[in-house]
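Thank you all for coming; I would like to take a few minutes to walk through one model with you. Please have the sequence and the coordinates open while I speak.

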Amino acid sequence: FYGETLQKLGDQKYKITRGGFTTCLQPTPRWELTSRSVTLNLEHYAMLTNSLFKVKGVPVFYMPIFYYPVQKDDRATGFLIPTYGSSDIRGQSLSNAFFWAISRSQDLTLLHDWYSQTGQGYGTEYRYVRGPGSDGFLRIYRLREHEAQYDDTTTPERQSYEVRGAGTQRIGSAVRARFRADYFSDIQVQQTYHQNVYEASRRQRVFSGSVGGAWREYNITGTVDRSEYFYGTTSSTVRGGAPRLLVNRNERPLFGSVAYVAVNTEYNRLIIERKSETELVDQSLTRYDILPRIRVPFTKWQFLTANSTVAFRSTHWTESRDPLGQQVDQGVSRNYYELQSQVTGPVLNRIWTFPGSKYAEKLKHSIQPFFNVGRISGIDNFERIVQIDSADTVVGSTTRVAYGVTNRVYRKPAGGGQSREILNATVGQSYYTDARAAQYDRYYQTSFNGTAPT
């Protein structure tokens, strides 16, 4: 701080005449406040009269009186600067907020918006940081509107709300909980009140939560998620799982041999809905799935690797499709075996060195040809299965052959940093003994969208 006259009023209190203050250290400060009179209480606040706010020496706006907190931790409880606006839909608007710095690791903001033409809204936002891997925020906002008219359009009396948030929380050393919310109750309000282009055009609302943990080779995860995508204001599709439980056993050697065994199990209450103004089509069902597999790797040569896998999969759905393709309340089960071999190589590598380069002291180009072959045993009830995702669209009695070449480029930064992949390009082709399998191959972006196989 500086001024023509500095008067010390106490141990930490000063009065400045025709001066100012800033927290910037540049010769021309990025910002500063100048004033005819400043009462400065160090590590607490500054009170200014007839003040100018400047950015890089350029005056931006004038304030007859201004209170500014100057705590060491840059966090202070108090009212935020109000904002004023005007629009054809909302009329005159005035927004106020109160910020409460609860502690160094959490804070709370109370929000209030007043609209002269439509009503008022209020809400709160809470943020916290408990430690590494434990932090989050939650914002809840409610809008109460009365009947209003603008441009020959009448909006009804209504109440709506919006919930947004995300966070992670460690529970002990092995368990972690997560949540995410991006939800609004009325899409018309969402499109009308948001001035941000992304928010005003957003047509999806979601919420999800999960709790998962790992104990030695076992992973257990429970999730709940729901996602709704709108087409217009009255039609939408809903997908999700409520709940979904995964219990997996990671790969471990089988009786000390060269073979590795793993088991994946799933319980999933699948949510599939299609809504319109006149009807609701509910295709929700429950799926049970278990997938044990044994893998035998060959890694004796650096330039050539191979993995052979044998797997058995058993799945049960609580609903199925009848001969006319309609979903009926009758369960169906499916069992099949899968054999697969994946060969990568011979791998060709070349390394370039660039002494003194800050971006990369070494660049590595790796050319990796691959050849994969797999066989799925017969599935005689494929047409009865309700096809929702890749777990439901396995075509039986099919052999798949895939081949191609992958190019990878790695960069190793100067100073002995870790190498990172900066480019990955693959050219490949697949062949199927049953053409239907080409429509459901998850390795291709054209799958699951009705594109005819070629």
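Predicted model: local features only at pLDDT ≥ 70, side-chain atom pairs only at ≥ 80, totals over all residues.

Starting with the overall picture, the secondary structure of the protein comes to two helices and 29 strands. The radius of gyration is 31 Å, which is well over the 22 Å that the globule rule gives for 454 residues, and therefore the protein is more spread out than a compact globule. If you take the principal axes, the C-alpha atoms fill a box of roughly 90 × 70 × 45 Å. As for burial, 31% of the 454 residues in the protein are buried.

An example of a buried residue is Leu 48, which counts as buried because its relative accessibility is 0%. Leu 48 has its place in strand 4, and although Leu 48 and Tyr 68 are 20 residues apart in sequence, their C-alpha atoms are 8.1 Å apart in space.

Next, the largest pocket, to which the model assigns a volume of about 920 Å³. Which residues lie closest to its centre? Of the 36 residues that line this pocket, the closest to the centre are Arg 313, Tyr 336, Glu 338, Val 394 and Arg 442. When the lining of the largest pocket is sorted by class, there are 14 nonpolar, 10 polar and 12 charged residues.

Several strands contribute to that lining: strand 18, strand 19, strand 21, strand 22, strand 25, strand 27 and strand 28 each supply at least two residues. The largest share, five residues, comes from strand 25, which runs over residues 332-344.

Let me turn to the aromatic side chains, where the structure holds 20 aromatic pairs. I have picked two of these pairs to look at in detail. The rings of Phe 53 and Phe 61 have their centres 5.3 Å apart and their planes at 20°, and since planes under 30 degrees apart count as stacked, this pair is stacked. Both partners are partly exposed, with Phe 53 at 22% relative accessibility and Phe 61 at a relative accessible area of 38%.

In the second pair, Tyr 267 and Tyr 288, the ring centres are 5.3 Å apart but the planes stand at 50°, so the pair is tilted. Which strands does this pair tie together? Tyr 267 lies in strand 19 and Tyr 288 in strand 21, so the contact links parts that are 21 residues apart in sequence. Here too the residues count as partly exposed, Tyr 267 at 30% relative accessibility and Tyr 288 at 41%. Strand 19 and strand 21 are also among the strands that I named for the lining of the largest pocket.

The charged end of Lys 364 sits over the ring of Tyr 410, 5.9 Å from its centre, while Arg 411 lies over the face of Tyr 359, at 4.6 Å from the ring centre.

Finally, the backbone. Another is the bond from Gly 345 to Pro 346, with omega near 0°, and Pro 346 is found in the loop between strand 25 and strand 26.

Turning to phi, Arg 18 has a positive value near 50° and lies in strand 2. Glu 43 likewise has a positive phi, near 60°, but Glu 43 lies in the loop between strand 3 and strand 4, and this residue counts as partly exposed because its relative accessibility is 47%.

Notes:
Residues numbered from 1 in each chain as written. Heavy atoms only, no water. Helix = DSSP H or I, 4+ residues; strand = E, 2+ residues; numbered from the N terminus. Buried < 20%, exposed > 50% of the residue type's maximum accessible area, 1.4 Å probe, protein only. 1 Å grid on protein atoms, 1.4 Å probe; cavity = no way out; pocket = protein on both sides within 12 Å on 5 of 7 lines; lining within 4 Å. Points joined across faces, edges and corners; volume = space filled by probe spheres on them. Nonpolar A, V, L, I, M, F, W, Y, C, P; charged D, E, K, R; others polar. Phe/Tyr/Trp six-rings, centres within 6.5 Å; stacked < 30°, edge-to-face > 60°. Lys NZ or Arg CZ within 6 Å of the ring centre and 35° of its normal. Rg over C-alpha atoms; globule rule 2.2 N^0.38 Å.
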